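Subject: Structure for your review

Dear colleague,

Please find below the structure that I am handing over to you. My notes on it follow directly after.

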Amino acid sequence: VQLQASGGGLVQAGGSLRLSCAASGLTFSRYGMGWFRQAPGKEREFVAAISKSGGTTSHAQSVKGRFTISRDNAKNTVYLQMNSLKPEDTAVYYCGAARGLYERVNEYEYWGQGTQVTVSS
């Protein structure tokens with residue numbers, strides 16, 4: 001199983017980025033997908049998750065109204081659209097695959113390698 005995250009970069013506060021996570025080696029439509037982030041010296045934290053069909057989503061309170069998770073099962077890809085970025089959003093962003101829609105790290109079976117997002121003030 002491989003989860004390949006991409007789309008990170010350096011952006012000014014108020015800007016936007018779109019992260020992608022391409023999955024292979026698993027039946028994508030049978031997995032809930034999630035995005036987490038980890039800043040230096042902090043634990044990995046939940047950002048957003050989406051159900052197998054894409055019909056249900058969950059977003060952390062800190063990103064609600066700014067970030068949107070979506071998926072395309074035909075392309076085996078999950079996305080995270082990030083708008084109105086803030087310096088506190090700076091972190092390595094990881095995508096994960098789980099058996100359902102979960103917000104806890106330990107529910108995820110597979111993880112991508114992470115993509116760095118840096119927001120300058």
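A residue is called buried when its relative accessible area is under 20%, exposed when that area is over 50%, and partly exposed in between (1.4 Å probe, protein chains only). By this criterion, buried residues make up 44% of the 121 residues in the chain.

Before the details, a note on the source. The model is predicted, so that local features need pLDDT of at least 70 and side-chain atom pairs count only at pLDDT 80 or more, while totals for chains, interfaces and linings use all residues. Residues are numbered from 1 along each chain as its sequence is written, and side-chain values use heavy atoms, with hydrogens and water left out.

Overall fold

The chain has 0 helices and 11 strands; helices (H or I, at least four residues) and strands (E, at least two) are DSSP runs, numbered from the N terminus. The radius of gyration of the chain, at 13 Å, is close to the 14 Å that the globule rule gives for 121 residues, so the chain is as compact as a globular protein of that length. Here the radius is taken over C-alpha atoms, and the globule rule is 2.2 Å times the number of residues to the power 0.38. Along the principal axes, the C-alpha atoms fill a box of roughly 40 × 25 × 25 Å.

Contact means heavy atoms within 4.5 Å. Among the contacts in the chain with a separation of 6 or more, 57% are between residues 24 or more positions apart.

The accessible surface of the chain is about 6100 Å², and carbon and sulfur atoms account for 43% of that surface. These areas come from the Shrake-Rupley method with a 1.4 Å probe; for residues, only the protein chains shown count as cover.

The chain carries 13 positive and 8 negative charges, whose mean positions are 5 Å apart. Lys and Arg count as positive and Asp and Glu as negative, whereas His and the chain ends are not counted. The place of a charge is taken as NZ of Lys, CZ of Arg, CG of Asp or CD of Glu.

The nonpolar core

In soluble globular proteins, nonpolar side chains tend to be buried together. A nonpolar core is defined here as a set of buried Ala, Val, Leu, Ile, Met, Phe, Trp, Tyr and Cys residues joined through side-chain atoms within 4.5 Å. The largest such core holds 34 residues, of which Met33, Trp35, Leu80, Met82 and Tyr93 touch the most other members. Strands that each supply at least two residues of this core include β1 (2–6), β3 (17–24), β4 (32–38) and β5 (45–50). The others are β7 (67–72), β8 (77–82), β9 (91–98) and β11 (115–120).

Met82 deserves a separate entry. Not counting residues up to four places away in sequence, Met82 touches Gly15, Ser16, Leu17, Leu19, Arg66, Phe67, Tyr93 and Val117.

Gln2 is located in strand β1 and is exposed, with a relative accessible area of 54%. Leaving aside neighbours within four places in sequence, Gln2 is in contact with Ala22, Ala23 and Ser24. For Gln2 and Ala23, a separation of 21 residues in sequence corresponds to 5.7 Å in space, C-alpha to C-alpha.

Loop positions

Asn76, in the loop between β7 and β8, has a positive phi of about 55 degrees although it is not a glycine. Asn76 is partly exposed, at 26% relative accessibility.

Ser84 lies in the loop between β8 and β9. Ser84 also is not a glycine, yet has a positive phi of about 50 degrees, and its relative accessibility of 40% makes it partly exposed.

Pro87 is found in the loop between β8 and β9 and is partly exposed at 35% relative accessibility. Apart from neighbours within four places in sequence, Pro87 is in contact with Ala13, Val119 and Ser121. The C-alpha atoms of Pro87 and Ser58, 29 residues apart along the chain, are separated by 22 Å.

Thr90 is likewise in the loop between β8 and β9, and is partly exposed with a relative accessible area of 22%. Thr90 touches Ala39, Gln116, Val117, Thr118 and Val119, not counting residues up to four places away in sequence.

Finally, Arg104 lies in the loop between β9 and β10 (108–111) and is exposed, with a relative accessible area of 52%. The C-alpha atoms of Arg104 and Phe46 are 6.9 Å apart, across 58 residues along the chain.

With kind regards
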